[in-house]
Amino acid sequence: MKLMAAVLLVTTAALPALAQEPTAADLYRVKCQACHMADGNAPIATMNFADGKWIHGSKPAEIEKVITDGAPGTAMLSFKAQFTPEQIAALATFVRSFDKSLKPVKKK
Ligand code: HEC
């Protein structure tokens with residue numbers, strides 16, 4: 001019985017690390033970085049987040065829309081099937097932060 005309790009303790013203690021939600025930075029690294037680069041400073045202007053130019057708009061809602069629906073006819077695909085709306089909002093905040101000319105948006 002004592003052993004059982006010890007095993008249970010070890011298992012539950014290890015769980016939080018495994019079940020931890022990926023951060024926006026984690027999602028970006030896995031899903032976006034290949035095209036948009038680690039620092040958002042992609043060599044192709046339309047894919048660059050750091051040059052102060054946003055073809056689809058720099059407002060959080062506009063950025064969320066591009067991530068959600070993609071940019072039809074380009075390599076930017078829709079991510080709505082892969083992420084929750086919360087994750088998309090977090091990603092929008094994350095990619096926006098590459099543009100130092102933008103003011104950070106207050107948390108709702
Ligand atoms: C296969 C390459 C590719 C991947 C992966 C990719 N994108 Fe894109 N993304 C693009 C391209 C190409 C464009 C430019 C679209 C255009 O010309 O309208 C773009 C545009 C964007 C824009 C609009 C930029 C602007 O100037 O308005 C945002 C925001 C964006 N991507 C976010 C993301 C996020 C977040 C991810 C990861 C979840 C991601 N992208 C993954 C290729 C990619």
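Biologist: Leaving aside its neighbours within four places in sequence, which residues is Ile63 in contact with?

Modeller: A contact here rests on C-beta atoms within 7 Å. In this predicted model, Ile63 is in contact with Ala92, Val95 and Arg96 once those neighbours are set aside.

Biologist: Let me step back. How many helices and strands does the protein have?

Modeller: The count is five helices and zero strands. Read from the N terminus, the order is α-α-α-α-α.

Biologist: How do I read the crossing of α4 and α5?

Modeller: Take the distance and the angle together. The axes of α4 and α5 come within 9 Å. They cross at roughly 115°. The crossing is right-handed.

Biologist: Which residues make that contact?

Modeller: From α4 come Pro60, Ile63, Glu64, Ile67 and Thr68. From α5 come Ile88, Ala89, Leu91, Ala92, Thr93, Val95 and Arg96. By class, the contact of α4 with α5 has eight nonpolar, two polar and two charged residues.

Biologist: What residues form the largest nonpolar core?

Modeller: A core is a set of buried residues joined through C-beta atoms within 7 Å. The largest one here has eleven residues. Ala24, Leu27, Phe49, Ile63, Val66 and Ile67 belong to it, along with Ile88, Ala90, Leu91, Ala92 and Val95. The elements that give two or more residues to this core are α2, α4 and α5.

Biologist: Which element gives the most to this core?

Modeller: That is α5, with five residues.

Biologist: What share of the protein is buried?

Modeller: Buried residues make up 15% of the 108 residues.

Biologist: Show me a pair that is separated in sequence.

Modeller: Take Lys31, in helix α2. Lys31 and Phe79 are 48 residues apart along the chain, and their C-alpha atoms are separated by 9.4 Å.

Biologist: Why does Lys31 count as partly exposed?

Modeller: The label comes from a neighbour count: 20 or more other C-beta atoms within 10 Å means buried, 12 or fewer means exposed. Lys31 has 18 C-beta neighbours inside 10 Å, so Lys31 counts as partly exposed.

Biologist: Now the ligand. Which residues come nearest?

Modeller: There are 20 residues around the ligand. Cys32, Cys35, His56, Ala71 and Met76 come nearest. The elements that give two or more residues to this shell are α3, α4 and α5.

Biologist: How do the shell residues divide by class?

Modeller: The shell has 15 nonpolar, four polar and one charged.

Biologist: Where does Met76 lie?

Modeller: Met76 lies in the loop between α4 and α5. Leaving aside its neighbours within four places in sequence, Met76 is in contact with Val66, Gly70 and Ala71. Met76 and Cys32 are 44 residues apart along the chain, with their C-alpha atoms separated by 9.6 Å.

Definitions and conventions
Residues are numbered from 1 along each chain as its sequence is written. This is a predicted model: local features need pLDDT of at least 70, side-chain atom pairs count only at pLDDT 80 or more; totals for chains, interfaces and linings use all residues. A residue is near a molecule or strand if its C-beta atom, placed from the backbone, lies within 6 Å of it. Helices (H or I, at least four residues) and strands (E, at least two) are DSSP runs, numbered from the N terminus. Ala, Val, Leu, Ile, Met, Phe, Trp, Tyr, Cys and Pro count as nonpolar, Asp, Glu, Lys and Arg as charged, and the others, Gly among them, as polar. Axes are lines fitted to C-alpha atoms, for helices over the stretch in contact, and angles run from 0 to 180 degrees between N-to-C directions. A crossing is left-handed if the near helix is turned anticlockwise from the far one by less than a right angle, and right-handed if clockwise. Two residues are in contact if their C-beta atoms, placed from the backbone, lie within 7 Å.
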